[in-house]
Amino acid sequence: MELCPCVKNILLLDFEGKRVAAKFFCDDWPTNGAKEAFEKAVFNKTQKTNARSEVEVTMLENNIVVYKFVQDLHFFITGGEEENEVILATVLQGFVDAVGLLLRGNVEKREALEYLDLILLCIDEIVDGGIILETDANIIAGKVASHSTVADGLSEQTFSQALATAREHLARSLLK
Amino acid sequence: MAQPLVKKDDDRDDEAEYSPFLGIEKGAVLQEARVFNDPQLDPRRCSQVITKLLYLLNQGDSFTKVEATEVFFSVTKLFQSKDLGLRRMVYLIIKELSPSADEVIIVTSSLMKDMNSKTDMYRANAIRVLCRITDGTLLTQIERYLKQAIVDKNPVVASAALVSGIHLLQTNPEIVKRWSNEVQEAVQSRAALVQFHALALLQQIRQNDRLAVSKLVTSLTRGTVRSPLAQCLLIRYTSQVIRESNTQTGDRPFYDFLESCLRHKAEMVIFEAARAITELSGVTSRELTPAITVLQLFLSSSKPVLRFAAVRTLNKVAMTHPMAVTNCNIDMESLISDQNRSIATLAITTLLKTGNESSVDRLMKQITNFMSDIADEFKIVVVEAIRSLCLKFPLKYRSLMNFLSNILREEGGFEYKKAIVDSIVILIRDIPEAKESGLLHLCEFIEDCEFTYLSTQILHFLGIEGPKTTDPSKYIRYIYNRVHLENATVRAAAVSTLAKFGAMVDALKPRIFVLLRRCIFDSDDEVRDRATLYLNTLGGDGEVVETDKDVKIFLFGDLDIPLEPSDESFDIDSVPKEVKSQPLVEKKAPGKKPAGLGAPPAGPPSTVDAYERLLSSIPEFSNFGKLFKSSSPVELTEAETEYAVNVVKHIFDRHVVFQYNCINTIPEQLLENVSVIVDASEAEDFAEVTSKPVRSLPYDTPGQTFVAFEKPDGITAVGKFSNTLRFIVKEVDPSTGEAEEDGVEDEYQLEDLEVVAADYMMKVGVSNFRNAWESMGEDFERVDEYGLGPRESLAEAVSAVINLLGMQPCEGTEAVAANSRSHTCLLSGVFLGNVRVLVRLQFGIEGSRDVAMKLAVRSEDEAVGDAIHEIVSCS
């Protein structure tokens, strides 16, 4: 029996429901078509709600979906029907805040695509194969940004410093 | 990638459209990936290319095998670079590419080097990557490092190893189980998440050892758990221990711990504990109270997630303990206007469950205001809740029926309307007083119904229920209106319904004839045909009236085999009365089963009932007596072959019937005279008595063919049967759907089928095995000992014997504690001839893995006890 809290997917969609980044951890959606259909369903179901100040929640296809919108970005986390929704909300909040730190507060689609590597690494640091790795936004962002320092950016004193260095290092466009 | 910005002529400004990946192409990116092979690596540029590759994969692009291999090989070159950022991206893309086993070898040494690096980030990530892509053989090589990593002082490294361990436990349990000492140590870690991951892994390693889990819970509930996540996990384990401990008397163990978690500072823990308490089996109201209190506080939280969590849990509690939830009714009512519609709907349905008879009217008024601005799917939930409320308070049917008929008139999609119609039908069925008004509501609905399906279903229902009312004539107008106003399908249904009124109510006959005669001039031939047929059978055209019985068969029977032109005169008795598709009920998701109109009036039948009805409708099997047991379907074909066939074994006292469910999966073929030729030469006790072919098996329409065998009475005859599907195949023109005249005889080999001893046993549990055992008495006890030879493990031996006997394990005794040397297993069942049987199995295992078993049987019949021993000794 599965007792460990489990995340089924992490989605980051834009204001039209298009995928910015997505990671699915279980086999409920085996094909890209199924994944996109789920994203569309989630987006349609939630787009009219106001999930800007607090994390919102709904049920879809026997799953619990928690979500939050920032600017033109829609953040989602899905868990099973029996999952503790407060845990899922904590993970989501960690994701949203970590992205906020990594994008220096400019949480919008354009920035997210510009620094897509950071977003992907961020997802990689939050959940591993469905198991929650970390929920604290500072630690998550610290791990993602610890690129350029000799990885001790984990302690909070050196975190902002590490982040600043990292940002400097990463401040470049994919366009040359 | 210098991409000119594409100017678009829409109202959005270019700024918003800008994306660094605009116009990205896979081919071009794969070209770019050649930079990985440069002798002088440019880490920044390489990172960018990897990001592009990841973008493509993330958007659902897939690489061919060749492309993926090529990318993978060039990525491996990047391990030369010392750049940390690039290395992170390399780790990420290796995981995404999921290389094959022979490719993994290429990166193994690089990753193992990183696993022993001084840089924590390298160690942690290398572990995660390697464990993701590795297979069992490699795992033994790196096991030593993983064990070290679990107790690494860096929490990120330790967590990486532990989480990888959780994943590996699925594929290589025997290796991961050897790490339990290190994991145990990690549970004591001061780092919050390490403790969480260690706890998750430790429990999974020990999940079959109930005692060990219980000890773990005991020690941790007294100790300190650092992270809220770990605390939630501990609560789940505690609930499991409580579930399995089964103590019915006295204080529940660990309840105090759960209760104390209600005062934890983290909301996720409070909620987890509250939910755990509400889900305790046989929870008392005293135990519930503190949990309900914290959930009530959550109801007025500013966080939607907490409100949702609380109302969802209370909704469940309301099903079993409605009284416990009534205290929250005031808070719940304020949630009806919650912005989050999921919360509002849950609040309403909870209130409908907890409300008493006097509050129904007030609640209905509130809901009426609320219905107009929620989505159809929520409305369906509300309709279903109202249906169950009405069944609970039949006296209130008037206001609830009115509510249903009001919402039936409003706008709504098909599913929603269907839910309402189904509810009305169920109320009509279960509340006799509601019948007349309900039928009239349905009549009004079909006056203006845009859904053909619902119209025909309601007309059918009216035909059955309408004639039985006090004044059937008042429905005629509604039905006959359909003949004027609707499409051909509805018109035909209306004609049938009119005929049913004519057949059942003699006083209406002359008037019905007048109406039916008018229908003879309809523009649609089905409508004309039906009108003519019914006029004929009911005697409306002045000819000899057929017997009453024939009329009823035509009008109310289950005849759904299409007729074909024939020279012989027609005889209704020759039409097969097959109930198509019914045995397939169990394949559908339970939630999708038609609950109202589609299902027979007695409510949806269980599978056994369905089989019984099916078999008794076939004359050849009618003298076989009562059906004892039907097996679950056994597949006789591989998935996705031309013909899909499975078989259900029906066991009677002296007969066995094989029901072959066949589906033809080739659209270009029509199969006729489909039968299964069974060779029973390896089943000596069985003699074939009859078989029943399927006349016609069109594409994708399930059909059943049967073969019946006789066997000696009361004997558990076993044997092996080989099966061949034989049929005449006709080509079908896919454009017209018409089959050719001439067919070719063909055969299709199916897999063998076995009748085993377990087929004669029904799994029927007992709640208290000891009592049942004592009361059965020693009179017919049979005890013997057996050597089972070397077995893989004790657990394997136990489950083999359980499967052999096909009995129900009682009191969870099918689970064998890990590493135990002996085990007692209690089984219960009902044997052919409806004889209760109880079995006590005692197992012991020796060093050489030899398993010995003592088998004690008690039953109501001496012969059955012997039969059980025979089953074991023969295998």
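A residue is called buried under 20% relative accessible area, exposed over 50%, and partly exposed in between (1.4 Å probe, protein chains only). This is a predicted model, in which local features need pLDDT of at least 70 and side-chain atom pairs count only at pLDDT 80 or more, while totals for chains, interfaces and linings use all residues. Residues are numbered from 1 along each chain as its sequence is written, chains are lettered from A and ligands numbered from 1 in the order in which they are written, and side-chain values use heavy atoms, with hydrogens and water left out.

Chain A comprises 6 helices and 7 strands. Helices (H or I, at least four residues) and strands (E, at least two) are DSSP runs, numbered from the N terminus. Read from the N terminus, the order of elements in chain A is β-β-α-β-β-β-α-α-α-β-β-α-α. Of the 176 residues in chain A, 61% are buried. Contacts (heavy atoms within 4.5 Å) were also sorted by sequence separation. In chain A, 47% of those with a separation of 6 or more are between residues 24 or more positions apart.

Chain A meets chain B through 63 residues, which contact 69 residues of chain B. The area buried between the two chains is about 5,800 Å². That figure is the accessible area (1.4 Å probe) that two parts lose on being put together, summed over both. Carbon and sulfur atoms give 56% of the area. The interface of chain A and chain B holds 24 residue pairs in polar contact, both residues at pLDDT 80 or more. A polar contact is a pair of N or O atoms within 3.5 Å; within protein, one must be able to donate a hydrogen and the other to accept it, and residues adjacent in sequence count only if both atoms are side-chain atoms. Helix H4 (residues 116-126) of chain A gives the most to the side of chain A that touches chain B, with 6 residues. That side of chain A contains 29 nonpolar, 12 polar and 22 charged residues. Here Ala, Val, Leu, Ile, Met, Phe, Trp, Tyr, Cys and Pro count as nonpolar, Asp, Glu, Lys and Arg as charged, and the others, Gly among them, as polar.

Glu85(A) lies in helix H2 (residues 85-102) of chain A and Arg312(B) in helix H18 (residues 304-320) of chain B, so the pair joins two chains. Both Glu85(A) and Arg312(B) are buried. Asp124(A) and Arg128(B) also form a salt bridge, at 3.1 Å, N to O.

Within chain B, Lys649(B) and Asp759(B) form a salt bridge, with the closest N and O atoms 2.9 Å apart. The two residues are 110 residues apart, Lys649(B) in strand S3 (residues 643-651) and Asp759(B) in the loop between strand S11 (753-755) and strand S12 (761-763). Lys649(B) and Asp759(B) are both buried. Salt bridges that share partners join Asp124(A), Glu125(A), Asp128(A), Lys143(A), Arg88(B), Lys95(B), Arg128(B) and Arg132(B) into one network.

Glu526(B) and Arg530(B) form a further salt bridge, at 2.8 Å between the closest N and O atoms. Both lie in helix H31 (residues 525-538) of chain B, 4 residues apart, about one turn of the helix. Glu526(B) is partly exposed at 38% relative accessibility, and Arg530(B) is partly exposed at 26%.

Notes
Salt bridge = Lys/Arg side-chain N within 4 Å of Asp/Glu carboxyl O.
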